[in-house]
Amino acid sequence: MITEINFDGLIGPSHNYAGLSRGNIASASNAGDVSQPRAAALQGIEKMRHNIALGLPQGFFMPLDRPDAPWLETLGTSLEAAETHLRAQAWSASSMWAANAATVSPAPDSADGKCHLTVANLVTMPHRSHEWQGTLAQLRLAFADPAFVVHGPVPAPFGDEGAANHMRLCDGHGSAGVEIFVYGVGGGRFPARQHLDASKAIARKHGLDPARTLFIRQSDTAIQGGAFHNDVVAVANERVLFTHETAFENREEAHAQIRAAFPEVEIVEVPASAVSLPEAIKSYLFNAQLVSLPDGGGMGLVLPTEAREMAPVWNWLEDHIAGNGPIRRLLPVDVRQSMANGGGPACLRLRVVADPATVDPRFLADDARLDRIASVVAAHWPEAIAPGDLASPALVNDVRKARAALLAELDLTGLAR
């Protein structure tokens, strides 16, 4: 039975606020603060429990080995000798944001009838550029069944940041869809992270039908305003595109292209006059999981609690619900530790449309498995990390022991490096 499975990145024991993500306003604003890795991981686990309780299939990915000493060695330095900014980049727990792990094309969309995944190269940001090897190892393990094809990264210098810049419209998750790749163009103070050539390469590798594949430019206004990925200003689910007025460079042309490729689309647009771009970004209104609820429950929006605390955002959402729009339920979740580092609910998950029976069961979540993960987190994850702690050999040892304990608990010790 093909269905949508959300794979969340488990928040790793090295979670810290180094402010490494240029163009990510929340990350920059909280740089230097003391992080709480244990609380962050437990918040992520509760988010997964929340979605399981809604009847949604749920999976997870492991945190990567951090700090990444071999990466520092390629730069001719070590954990002890590295400059502060390089040490912080080696410590980054940013693989927690699984929306950047890969781009996924479900089997109904591909020429060979298989689900294709291309691991993101993340070359634009140094702290993320050394994620793909560890992520690729997990993807190849989790999706080893012949129902999948897992591709290596698009080569540099073509920047690819995964599903955060990819949307899919369809009549149902198991039916053929229209895939939308959103790319940026550089030139401002903040970089455009998704390159058009990378998106086109992925579409070719996945065997997508050109007539059902769109390449749409993200607006410079959104990028320079702090929407470092498209999923900060737009999200799609089945027939619905939920978007901010400023999401696309040429709004009218983009909407026309989408309607021509998928006439059934319902575009739910939030006008800038109701919710400004800064309000949309600060609340992460669009960095939400727009999901199809089981048993005819319509669509729900799993969004951060911060959206409820911002009056223009919450007022617009309540008006939409009252107006009998396609989004029928508002489902706030507390992911404040992730939000403070620049990632909302949608950043934490990768959507994979597949038969759960074809996925390695060690990567699928239920309440019992989440109980086991939570017990490891409670016992081993650091309670707090301050910026100066990244130079501590004791913290290096604690973080590595914590990850090793989790891998052992889940029988995934083959991912030790």
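Me: Hi! Which residues in α13 are buried?
Reply: In α13, the buried ones are L370, I373, A374, V376 and V377. Buried means under 20% relative accessible area, with exposed over 50% and partly exposed in between, using a 1.4 Å probe and protein chains only.

Me: Good start. What should I know about the model itself?
Reply: This is a predicted model, where local features need pLDDT of at least 70 and side-chain atom pairs count only at pLDDT 80 or more, while totals for chains, interfaces and linings use all residues. Residues are numbered from 1 along each chain as its sequence is written, and side-chain values use heavy atoms, with hydrogens and water left out.

Me: Back to α13, then. How many residues does it have?
Reply: Helix α13 (residues 367-380) has 14 residues, and from its first C-alpha to its last it reaches 20 Å, close to the 20 Å expected at 1.5 Å a residue. The expected span is 1.5 Å times one less than the number of residues. Helices (H or I, at least four residues) and strands (E, at least two) are DSSP runs, numbered from the N terminus.

Me: Why do the buried residues of α13 line one face of the helix?
Reply: Seen down the axis of α13, they fall within an arc of 160°, so they line one face. That arc is taken from the directions from the helix axis to the C-beta atoms.

Me: And what covers them?
Reply: The cover includes α2 (37-53), β2 (58-61) and α14 (393-409).

Me: Which residues have the most contacts inside the largest nonpolar core?
Reply: F143 and V352 do, in a core of 75 residues. Helix α13 gives the most to this core, with five residues. A nonpolar core is a set of buried Ala, Val, Leu, Ile, Met, Phe, Trp, Tyr and Cys residues joined through side-chain atoms within 4.5 Å.

Me: What does V352 touch?
Reply: Not counting residues up to four places away in sequence, V352 touches T3, E4, I5, F7, V104, C115, L117, F143 and F148. Contact means heavy atoms within 4.5 Å.

Me: Let's switch to sheets. In what order do β3, β4 and β5 come?
Reply: The order is β3-β4-β5, in an open sheet of three strands with mixed pairing. Its edge strands are β3 and β5 (148-151), each pairing on one side only. Two strands pair if DSSP finds at least two bridges between them.

Me: How many bridges join β4 to β5?
Reply: Four bridges join them, and these strands run parallel. For instance, L117 has V150 in β5 as its bridge partner.

Me: Which strands does α5 lie across?
Reply: Helix α5 (residues 132-142) lies across β3, β4 and β5, at about 160° to β4. Axes are lines fitted to C-alpha atoms, for helices over the stretch in contact, and angles run from 0 to 180 degrees between N-to-C directions.

Me: Where is D109?
Reply: D109 is in the loop between β3 (102-105) and β4 (115-119).

Me: Buried or exposed?
Reply: D109 counts as buried, because its relative accessibility is 9%. Leaving aside neighbours within four places in sequence, D109 is in contact with R168, S175, A176, G177, E179, G207, L208 and D209.
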